[in-house]
Amino acid sequence: MEAHRSAQHWGRYVSVFLLFSSALNTVYAVTHYSIPEELKEGSVVANLAADLGLDVQELSRRKMRLDVIANKKYLDVNKETGELYIVEKIDREYLCISKTTCFLKLDATIENPVRMFNIELEILDINDNAPHFRRDTMHLDIAESTPAGERFSLNNAVDPDIGTNSIKTYYLSESEHFNIEIQTGRDGSKFTDLILNKALDREEQSVHNLILTAVDGGVPSRTGTANIIVRVLDTNDNAPKFDKDSYNIDIMENSPIGRLVVKLNATDLDEGSNSEIVYSYSLYTSEKTQETFSLNPNTGEITVKDMINYEDFRIYDMEVIAADKGTHFLSGHCKLTILVTDMNDNHPELSIKSFQSPVKEDIAVDTVIAVVSVSDKDSGDNGKVDIHIADQLPFALRASSDNYYELVVSQPLDREKVPEYEITFTVTDRGSPPLSDNETMTLELLDVNDNVPQFPQSFYTIPVMENNAPGALLSSLTAFDPDLHENQYLVYFIIEKEIVNTSMSMLFSINPENGNLYALKTFDYEIEKEFLFHIETRDSGVPPLSSNVTVHIIIVDQNDNPPVIVSPWRAHGSVVEEKIPRSTDKGSLVSKVIAIDTDSVQNSRITYQFLQVTDATLFSLDQYNGEIRTMRMFSYRDPRHQRLVVIAKDNGNPALSATVTIKLSTVETAVKAYSDMTEVPLEYDIFSDLNLYLVIGLGSVSFLLLITILVTCVLKCQKPMPSKAAPPSRNSVISERNSTIADSTLVSNDAYWYSLFLAETRKGKLVVRQPVPKAGSRYIVSSLPRSTGLTETSDSAASTLQVRINSSFQICKMLFYCSLLSVFESVRVRFTRKCLSIST
């Protein structure tokens, strides 16, 4: 520490000597800790501050820190307790691959003066890894002739853990043919050999599935498994064998050449070439039989090679040999007897006598469209013929005379569902086996105009963005008619409908050929919000068919109207001058900015914020209601004039905005003013007698009531002016509900004016709402600045009188309520002070 103080002293002159002295005081002692891996985050390793002899209370001031290891911060120091704790789980196998020991070396550094401490953290292994094989499945091919005692090497398992947690032994699943022998390598690793205990027989079991399990020495132990698939290789020790030793087969005369007579099947229990079989005739098979029947040497199929005639040859005898392809081949034999059976060898015949095609789709049911005849040269049952058509066809066969049949319509036809029919007549005799013949004819249907054009939807809602270009395509209203030709040609037109003496054809146009709907004018959402009309489509058939669809055009608002600031009232330009007592309390309402936007939804949602402010710590602005309040009381350092620039911005994209500048001037007051008429400061103790409060309060209320009565009587006695309309004053205007502004007058809805009334009356202004006769959507609204009296706003003298009466009444009522509130508040304050003085 003395060396450190010396370094500080000489550091005033030579900075290099200071750094050198600080380096000499660095401590290089190594602090050793041991922890198991995988400790939870937050686990405490040790109290590093106590072990290093450091004061816990100075760790934060001296900026103690640990270095980062491999871009990961595994440990950290709690500067409040001095404990070394785990920040991230430590995996020994990740940090120290293939190492028996694992150490983390850390440097702890503190400043003022600089000192470094070497920390060595030993990571102890836990059994957190199970043994696993490099290959989950091992394949071995062993010939069935392999002698017992043969040895086969297997892949060993690996375990990233060390010591007793590594692999300890192996186990093999139960098998009468195999066992394992465990070997130990020079590095202590364990591996196994597979031992054949008993000779294999592929025909008994061709595949052996074994499971090799590796077990480590941890507590509890972990295991890993691998599948061993042993495939037994074949030797030629089995002869081919037929399914049966002899076959008796019946075959019809006149069987077609190539017809399959029988498929012989011989099997060999061996595999590979030892089980591949070749079929052949033996020397006992006659040449006539070999000429009539063909034998496939690979598949054993016997097929007809030449025409078979029952009258020429009735019985064929043959012997077939099946031999395998082994080096020393083995063979098997079987005998076949083929019996020829007489058959019905004359086919029935079909003849179409008449056929009508095409026909109209509205052809009547039970109409004859074809006549056919059938015949067969055979006799008996072989000469009797049956005729039929497919059951799902809308036709039926009706017998007219011997061997003659009529084809009639059995169900109504619809060309739009099925434009043509493939009608197949099938004739079959009753021989054994039966013979058959068929013939197909095509029936085409002609279209009739029996389908009404259909639109995909019964109601179309089409959004159209306002300020669209005239002639813009709005939508394509395409109908569908399943008929053909002129019955399918559609014409579109708009069903005329007038809206405010305006025809729909002046607003919209539709292409008569393809149904494309166009806008003929530019729409303004603030004037026109939606249109509802019908579009009709008609085909060109005789008679024509038509249908219509309802179209709902919705004009979508764009953010094309900027916000308009309607409060505070501005006599000239956008600058408002206000005065505020310098003793105004914290949280007092200074002003309220109100803006409106004639757009809708998101485009009309307005937020407020300061664009410029003289002192940002003095005023706050509510971004939603525009209220400006004091954040603290004025101090003698604050300038007397404050300039606030407020921007009102809508929520459109891009956003539009308007600004207003408020110039605030602070004035000195003898008594601290009320803040929003909510509380009265206790420090002003003007009166000392409770009775004096009551007398003054009652006198004030009586005086105000008398003044109100006198003013009302004078206004009632005043004669109304002639009905000549007075010109609108500077502070008034009559307008539609479209929220337009003229000077300081605004017309809008009830909810807005209610909010504006509350805000403006607090600042000394008065807002009067007067409904205009015969125009329920219009209002007369006047706003008065503090410095002026009531300004006349009317359409007639009667309206002016009513406004004055209502205004006077509202002023008197407000003053009356304020007086009562002041009296009650004064009584409450006085009573509270009395109670406090008594209690003290």
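This is a predicted model: local features need pLDDT of at least 70, side-chain atom pairs count only at pLDDT 80 or more; totals for chains, interfaces and linings use all residues.

Residues are numbered from 1 along each chain as its sequence is written, and side-chain values use heavy atoms, with hydrogens and water left out.

Side chains of opposite charge can pair when their charged atoms come close. A salt bridge here is a side-chain nitrogen of Lys or Arg within 4 Å of a carboxyl oxygen of Asp or Glu. The structure holds 24 of them.

Select D141 and R231. Their side chains meet in a salt bridge, at 3.2 Å from N to O. The pair links distant parts of the chain, 90 residues apart: D141 lies in strand β9 (residues 137-143) and R231 in strand β16 (residues 223-233). Strands are DSSP runs (E, at least two residues), numbered from the N terminus. D141 is partly exposed, with a relative accessible area of 45%; the term covers values between buried (under 20%) and exposed (over 50%), with a 1.4 Å probe and protein chains only. R231 is partly exposed at 39%.

Next, select R151 and E181, which form a salt bridge of 3.1 Å, N to O. This pair also links distant parts of the chain, with R151 in strand β10 (residues 151-153) and E181 in strand β13 (residues 178-184), 30 residues apart. R151 is partly exposed at 41%, and E181 is partly exposed at 32%.

Move on to E528 and K521, whose side chains meet in a salt bridge of 3.2 Å, N to O. K521 is partly exposed, at 28%.

Finally, select R92, E93 and D125, which salt bridges with shared partners join into one network.

Definitions and conventions
Helices (H or I, at least four residues) and strands (E, at least two) are DSSP runs, numbered from the N terminus.
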